[in-house]
Amino acid sequence: MKLTLEVWRQPSTNAQGTWERHELDGLEPAMSILEMLDALNEQLIAQGREQVAFESDCREGICGACGLTVNGLPHGPENNLPACHQRLRHFKDGDTVRIEPLRSASYPVVRDLIVDRSALDRVVIAGGTVAVNAGTAPDADTQLINHEKLELAMDFAACIGCGACVAACPNGAAHLYVGSKLAHLSMLPVPRQERDQRAKAMVEAAESSFGPCSNYGECAKVCPENIPLSAVAAVNKERMLSGLRRQVKTGA
């Protein structure tokens, strides 16, 4: 299988980026997008040229590190799969494939296909943790949780933080990501105790880096963990409930 690759090259955040064109032969349809990039780098090494920088870690769809854009689509042509699980069988022999970083104003390019996604980290740092004393391991069994609610909380907790949802959104919104964190933690008894301050802090952090949500739904199409679109509603819901509870407490 032979493909023509158009790959984005950018030496640093403030440098001017450009496209490079490469021909790759001997590819297999079962290879992943990342394996194709490995093959490209092997070819560049043999030519004495600088390799293309890209991120990857587990290559099992768990870590979320491998985010990139393939022919304009975050991760690649198949919905709800990370780049490491996107296969070349979706392309025809002789096709041109364009590979570039995840594109969003909140993701500055570090080098080539690597972007800085620390804006997502700042949201979690703002409130995606639990400071309440959870007790010892046996104490967990003393607080009964409805099975259906627990399963739903775990569905939201499945987010791997790849950031593709932001790149897919025309507004650059992170509501699917933020909402999944808020929904997950609001359903569990121990983290629920910090629900109000968490909502305020995380939403403020998100609004400082990301755009508003207009319910396009593109985020859910690219999410490798199939986080439901209903997660976006948790952002406004948790913020509103937090404000209402503060008003009740203060008598405002």
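# Close-up views of a predicted model

**Figure 1. T18 and the residues it touches.** Setting aside neighbours within four places in sequence, T18 makes contact with V7, W8 and R9; contact here means heavy atoms within 4.5 Å. T18 sits in strand β2, which covers residues 18-24. Strands are DSSP runs of E with at least two residues, helices are runs of H or I with at least four, and both are numbered from the N terminus. V7 lies eleven residues from T18 along the chain, and the two C-alpha atoms are 8.4 Å apart. So is T18 buried, exposed or partly exposed? T18 counts as partly exposed because its relative accessibility is 44%; the cut-offs are under 20% for buried, over 50% for exposed and anything in between for partly exposed, using a 1.4 Å probe and protein chains only.

A note for every panel: this is a predicted model, where local features need pLDDT of at least 70 and side-chain atom pairs count only at pLDDT 80 or more, while totals for chains, interfaces and linings use all residues. Residues are numbered from 1 along each chain as its sequence is written, and side-chain values use heavy atoms, with hydrogens and water left out.

**Figure 2. The buried face of helix α2.** Helix α2 runs over residues 118-127, and its buried residues are A119, L120, V123 and G127. Look down the axis of α2 and these buried residues fall within an arc of 110 degrees, so they line one face of the helix. The arc is taken from the directions that lead from the helix axis to the C-beta atoms. As a reminder, an α-helix has 3.6 residues a turn, so residues three or four places apart point the same way. What do the buried residues of α2 pack against? Their partners are α4 (164-168), α5 (175-186) and α6 (195-209).

**Figure 3. Cysteines without a disulfide.** Searching the whole structure turns up zero disulfides, a disulfide being a pair of cysteine sulfur atoms within 2.5 Å. For C58, the closest cysteine sulfur belongs to C63 at 3.6 Å, which is too far for a bond. C58 is partly exposed, at 27% relative accessible area. C219 is in no disulfide either, with the nearest cysteine sulfur, in C165, 6.4 Å away. C219 is buried, with a relative accessible area of 11%.

**Figure 4. Two loop residues with positive phi.** N71 is not a glycine, yet its phi is positive, near 50 degrees. N71 belongs to the loop between β3 (69-70) and β4 (73-74), and at 38% relative accessibility it counts as partly exposed. H75 is another residue other than glycine with a positive phi, near 80 degrees. Where is H75? H75 is in the loop between β4 and β5 (96-100), and is buried, with a relative accessible area of 0%.

**Figure 5. Stepping back to the protein.** Here are eight helices and seven strands, with C-alpha atoms filling a box of roughly 70 × 40 × 30 Å along the principal axes. Of the 252 residues, 46% are buried. Take the contacts between residues at least 6 apart in sequence, and 70% of them join residues at least 24 apart.
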